[in-house]
Every structure is written in structure tokens, then in C-alpha cells.
Amino acid sequence: MTLTADTLPPIAAFDRDFALQRRRARIGWAVGSMLFFAAFLLSAQLSDFFKVTQVTLPDGTRADRWIVPAGIPRLGEYVAKTIPTLRLDSFWADFGEWFWRWKIWLRLLVETVLIAFMATSLGVIGGFALSFPAARNLAPNTWVLWFSRRYLEIARTVPDLVWALIFVFCFSVGPLAGVLAIAVHATGALGKLYSEVNENIDMRPLEGVKAAGGSWFDQIRYGAVPQVLPNIISYTLLRFEINVRSSSIIGYVGAGGLGQEFREAMSLQEYTDLSALFLIIFLTVIAIDYGSEKLRHRIIDMGQSA
Amino acid sequence: MSQHALTLSGLTKTFGDTNAVHNVSLEIEPGQFVGVIGRSGAGKSTLLRLLNRLIDPSDGSVSFGGQEITALRGRALRQWRADCAMIFQQFNLVDRLDVLTNVLIGRLAHHGFLSSMTMNFSDVERTMAIQALDRLDLVPQALQRAGTLSGGQQQRVAIAKALVQQPRIMLADEPIASLDPANATKVMDALAAINSEDGLTVLVNLHTLDTARAYCDRIIAMRAGRVMFDGTAAQLTDGVVRDIYGTEGLMEFNEAVTSTAARPHVTA
């Protein structure tokens with residue numbers, strides 16, 4: 001690389017440079033690993049991983065134990081409490097008792113999915129509109145870029161549960177607060193994903209539109225949108241899956257959907273209700289994930305064959 | 001179509017320390033077929049982009065029939081870009097849109113926001129587009145996606161798009177550099193036909209001498225941003241080229257891989 005190497009024959013110079021490069025790489029790895037390990041230990045310490053707690057032994061005496069093995073059996077205890085009694089001879093009666101609130105739960109399940117659907121739609125509109133000014137290669141000027149990026153950052157940095165708390169305060173308890181909360185968060189998340197797709201497009205079609213007398217909007221509509229559409233649809237479906245999960249818990253703070261039932265069951269210690277609700281959400285999410293994954297792969301294949 | 005001359009005076013464009021185009025003054029008469037030759041980096045592309053206002057000059061001015069082009073803004077600028085159609089080396093079509101829509105992009109300068117966003121073109125415009133495609137023998141491909149076409153076909157779609165702009169000047173930036181000789185000939189013939197039938201001024205960047213000599217009324221040779229030669233094809237002998245670019249440069253021009261000569265060119 002430097003001129004001093006010229007005195008050595010090329011292979012000897014290579015050996016020397018290679019050894020140097022290897023040594024640098026080894027030092028880099030060693031320092032990196034040490035930093036990572038130190039950070040790991042520190043965060044474990046801060047999160048009480050090494051805490052010692054007192055447990056009651058079977059013979060009634062108290063003893064000090066490390067918290068991890070002491071706490072794990074309690075997980076089984078909790079799960080055991082949520083398992084309903086289902087006897088073979090009276091299975092349907094027991095099952096009916098387990099899902100005793102099924103009419104309310106079904107209505108709330110529909111509400112949950114609708115919240116997710118509505119919120120995804122609003123999030124797509126906001127995220128799509130802002131993803132073009134928020135893309136470095138497409139923004140008409142740096143001010144527009146800065147403002148749209150900051151807006152998207154704020155929208156997605158605040159968790160949807162926090163947005164829900166704020167909107168419940170504004171619009172009272174109910175699904176409207178949930179829709180708005182998830183929509184704002186989804187706008188931020190989708191806008192970021194979309195704008196990264198936009199930053200990877202081929203700029204030549206846009207130049208072709210510009211050279212023909214097209215405005216900035218024409219360049220986006222004709223040059224950019226056809227290129228990014230398959231990716232946008234794919235990310236939107238992925239977001240819908242995420243939003244169904246969000247909307248099933250967001251009722252915990254009063255923003256509509258099944259979450260409010262979770263809260264009630266927990267505070268009233270109705271443990272079998274919890275397992276029933278968990279099962280309902282689990283099956284719904286699996287069904288939606290499966291459906292949208294099929295759809296997404298079809299769209300991705302479509303994009304590649306084009 | 002129009003009988004205006006394009007006048008460049010003292011046109012200069014600097015990128016950082018380099019003068020891409022340096023003090024170029026030219027008068028392009030209406031109806032001329034002008035070839036601009038020069039090696040890569042000579043400033044040919046920059047010159048064409050300055051004319052179409054894809055980039056703005058550092059100094060100097062361009063005027064068309066007395067209208068000052070360098071001062072245009074907003075809607076008037078978009079109208080000028082439509083008047084001054086541009087064809088690119090890489091075609092710059094939208095691969096995922098069909099050929100017809102790609103051609104209709106040439107009409108966007110005449111559209112408002114809503115009709116443009118909804119891709120709402122009139123029957124008259126569609127007829128114009130189909131007629132333009134027919135001139136280039138591309139009507140059977142009108143509903144195919146542009147990305148599925150061959151390079152030569154894509155470049156002819158780009159010419160059809162330029163035609164529906166109803167331009168007053170046609171600029172082509174290395175239109176055949178990405179094409180094989182047979183397709184290159186088709187594209188150059190199409191440009192020549194437009195020039196002779198419509199009387200449209202055509203300005204083409206080329207980097208092969210034989211193509212320039214075969215098609216152009218007038219040849220402008222550039223080197224390091226300056227015009228080194230401006231005259232007829234007959235005046236641009238190998239001797240003149242050797243004077244401008246040196247023996248090495250002459251070899252390079254004559255041996256360049258992409259040209260319209262379907263057979264290998266034998267250098268003198």
C-alpha cells in the first residue's frame with residue numbers, strides 16, 4: 001500500500017501485510033468480545049439476575065436460594081392454576097363452563113380484529129404519504145426530509161400502549177382510542193420501512209419522468225410507486241399481523257378489544273378465563289399469520305417474476 | 001415543427017474543481033441533425049442535461065428562439081422539458097408499467113395533479129401514443145410491461161414517449177451505447193426519420209466516429225468540456241480527429257464496441 005513496501009519482494013510484502021491484518025482482526029475481536037461480555041454482566045446485575053431470595057423449604061425452614069431456580073417452579077404453579085377441569089364424562093358441560101363468556105369474547109374478538117384492520121389502514125395512508133418525503137433520495141429538500149423523518153420517529157418511538165393511554169384520556173374508554181393509538185404507532189413503523197424501500201429504488205425511471213416534464217409528484221407516482229408496490233403490500237400485511245397482537249392487549253388500558261377481559265380476569269383471579277382468552281388470541285393470530293404469509297409470498301413471487 | 005434556433009452562449013458547468021462544460025457557445029439551426037462526439041468524461045452528457053435543464057448551469061445561458069431557458073421555473077420549466085425531449089442511454093423507462101403508459105408519461109407536462117395521479121389520460125392522448133408506437137413498429141407490444149422488452153425495443157419506446165411530448169428539439173444521450181449494432185441501427189434510423197420527416201432538430205451524443213459520420217449533418221467534438229471541432233461530417237477526417245485526440249484517441253473512437261456498423265470496422 002505504501003511506497004516503503006517496494007523494497008521487499010511482493011510475496012514477502014504480502015506475508016507481512018497479511019500478518020498485520022490478521023493481528024488487527026484478532027485484537028478487534030478480543031476487544032469487541034470483552035466489551036460485549038462486560039455489558040452483558042452489567043445488565044444482568046441491574047436486572048437482578050444474581051439476586052438471592054429466601055424460600056420456604058418443604059420442612060418449613062427458610063433458606064437462601066439463587067432467584068432463578070427458586071422462581072422457575074412458580075411458573076408451573078401459575079400455569080397449573082389456569083388449566084380448567086375437563087372431565088371425560090361431562091366434557092361439553094365443563095368446556096361450556098370454561099368458555100362461559102364466549103358471547104362477549106366473540107364480540108370483543110371481532111372488535112379486536114376490526115381495530116387492527118382500521119389502524120393498519122390509517123397507518124398505511126400516513127406511512128405511505130410520508131415515506132416519500134422521508135426518503136433521502138426522493139425528498140424535495142432537506143427541511144421536508146427532516147420534518148417527515150422526525151414525525152415518523154416520534155410516532156414509532158412512543159409504544160402503542162402509551163399512545164392508547166393518551167387517547168383514552170382524550171376520547172374516553174373504547175375502541176376509537178385503540179384504533180388511533182395503533183394507527184399512530186403503525187404510521188411511524190410503516191413510514192420507516194417504506195422509506196427504506198424507497199431509498200433502494202432505481203432512480204433512472206424518475207429521471208425519465210422528470211425529463212419529460214413531470215412534476216415531483218409525477219416522478220413519485222410513475223417512477224417510484226410501481227417499483228415499491230410489491231414491497232409495500234408485503235410490509236403492510238406483516239404490520240397487520242403485528243397490529244392484531246397489539247389490539248388484543250391494548251384493551252388492558254381501556255382502548256377496546258379483548259384486552260379489557262384480560263385485565264378483569266387477572267384482577268378477579270379468574271385463572272381459567274385467562275387460559276380461555278389466551279387460546280382465543282393464539283388461534284386468531286395463527287390464522288391471520290398463516291393467511292397473510294401465504295398472501296405475502298404470492299406477492300413477493302409476483303414481484304420477482306415481473 | 002418549430003423554426004427556432006437553439007443558442008448556447010458561454011455555457012459553463014463546474015462540479016467542485018472540474019469544469020465539466022467550459023464556456024461553450026453554439027448556434028444550433030432548426031432541423032439540423034447534430035452529433036456530439038467525445039470520449040467519456042468530455043462533458044457531452046452534462047451539455048445535454050444543461051439544455052434540458054435536468055441540471056442548472058454555473059454560468060452562461062441557453063436560449064431558444066429568443067426565449068431565455070436558463071431563467072425558467074415551475075410550470076414553464078416543465079413545459080420546456082417537454083418541448084425538449086430527452087432520450088437516455090439506459091432508456092429510463094418504468095419497467096413495471098406497460099409500454100402504453102410509459103409513452104403516455106410524455107404527456108404529463110399537460111396534466112393537472114389529479115388526472116396525473118389517477119393515470120387518467122384522454123382518448124386523444126392514447127391515440128397519439130398508439131400512432132407514435134406505430135411509427136416505431138411497437139404497437140403489438142403496447143400492453144406488455146416495458147421491462148420485458150429488449151434493449152432496442154425499450155429505446156424505441158423511449159423515442160415514442162419523446163414523440164408524444166410534441167417536442168421542438170430532441171436530445172439523445174448516448175442512445176445506442178447499450179445496444180448491439182443491429183438495434184443501434186434501428187434506433188439511429190428512427191431518429192434520422194424523425195429529423196427528416198418532422199423537421200425536428202436532433203442533438204445526439206455519440207462516441208463512435210462511423211455512426212456520427214453516417215447520420216449527422218454537423219459534428220461537434222468535445223474534449224475536457226470544450227468544443228474542439230464544429231463542422232460537417234466530411235470535414236471531420238481521421239487527420240482532424242488525430243489532431244484533436246491523438247493517435248490513441250482515433251484508435252479508441254474507431255474501435256469502440258458499440259456502433260451502427262454491423263461488421264467489425266477496419267482501422268486505417
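Helices here are DSSP runs of H or I with at least four residues, strands are runs of E with at least two, and both are numbered from the N terminus. With that in hand, welcome to the tour! You are looking at a predicted model, where local features need pLDDT of at least 70, side-chain atom pairs count only at pLDDT 80 or more, and totals for chains, interfaces and linings use all residues. Residues are numbered from 1 along each chain as its sequence is written, while chains are lettered from A and ligands numbered from 1 in the order in which they are written.

**Stop 1**

Select A:S246, which sits in helix α9 of chain A. Is A:S246 buried or exposed? A residue is buried if 20 or more other C-beta atoms, placed from the backbone, lie within 10 Å of its own, exposed if 12 or fewer, and partly exposed in between. A:S246 counts as buried because it has 26 C-beta neighbours inside 10 Å. Touching, or being in contact, means that the C-beta atoms of two residues, placed from the backbone, lie within 7 Å. Next, pick A:G178, which is 68 residues from A:S246 along the chain, with 9.2 Å between their C-alpha atoms.

**Stop 2: how α4 packs**

Stay in chain A and colour α4 and α9. Their axes are 8 Å apart and the helices pack at an angle of about 140°. Axes are lines fitted to C-alpha atoms, for helices over the stretch in contact, and angles run from 0 to 180 degrees between N-to-C directions. α4(A) and α9(A) are therefore oblique to each other; angles under 35 degrees count as roughly parallel, over 145 as roughly antiparallel, 65 to 115 as roughly perpendicular and the rest as oblique. To see the contact, show residues including A:A116, A:A119 and A:G123 of α4(A) with A:F240 and A:V244 of α9(A).

Helix α4 (residues 102-131) and helix α7 (residues 175-199) of chain A have axes that come within 6 Å and cross at roughly 40°. That angle makes α4(A) oblique to α7(A).

**Stop 3**

Zoom out to see chain A whole. Chain A is divided into domain 1 (1-71) and domain 2 (99-305), bounds that come from an automatic or database domain assignment. The C-alpha centres of these two domains of chain A lie 38 Å apart. Then find A:V79 in helix α2 (residues 67-82) of chain A. A:V79 is exposed, with 12 other C-beta atoms within 10 Å.

**Stop 4: where the chains meet**

Show both chains. How many residues of chain A are in contact with chain B? There are 19, and they meet 25 residues of chain B. On chain A, α8 (204-211) and α9 (216-249) each supply at least two residues of the touching side.

**Stop 5: two loops in chain B**

Finish with B:N92, in the loop between β6 (84-87) and α3 (99-104) of chain B. Phi of B:N92 is near 55°, a positive value in a residue other than glycine. With 26 C-beta neighbours inside 10 Å, B:N92 is buried. Then move to B:E174, in the loop between β7 (169-172) and α7 (181-198) of chain B. B:E174 has a positive phi of about 50°, although it is not a glycine. B:E174 counts as buried, with 21 C-beta neighbours inside 10 Å.
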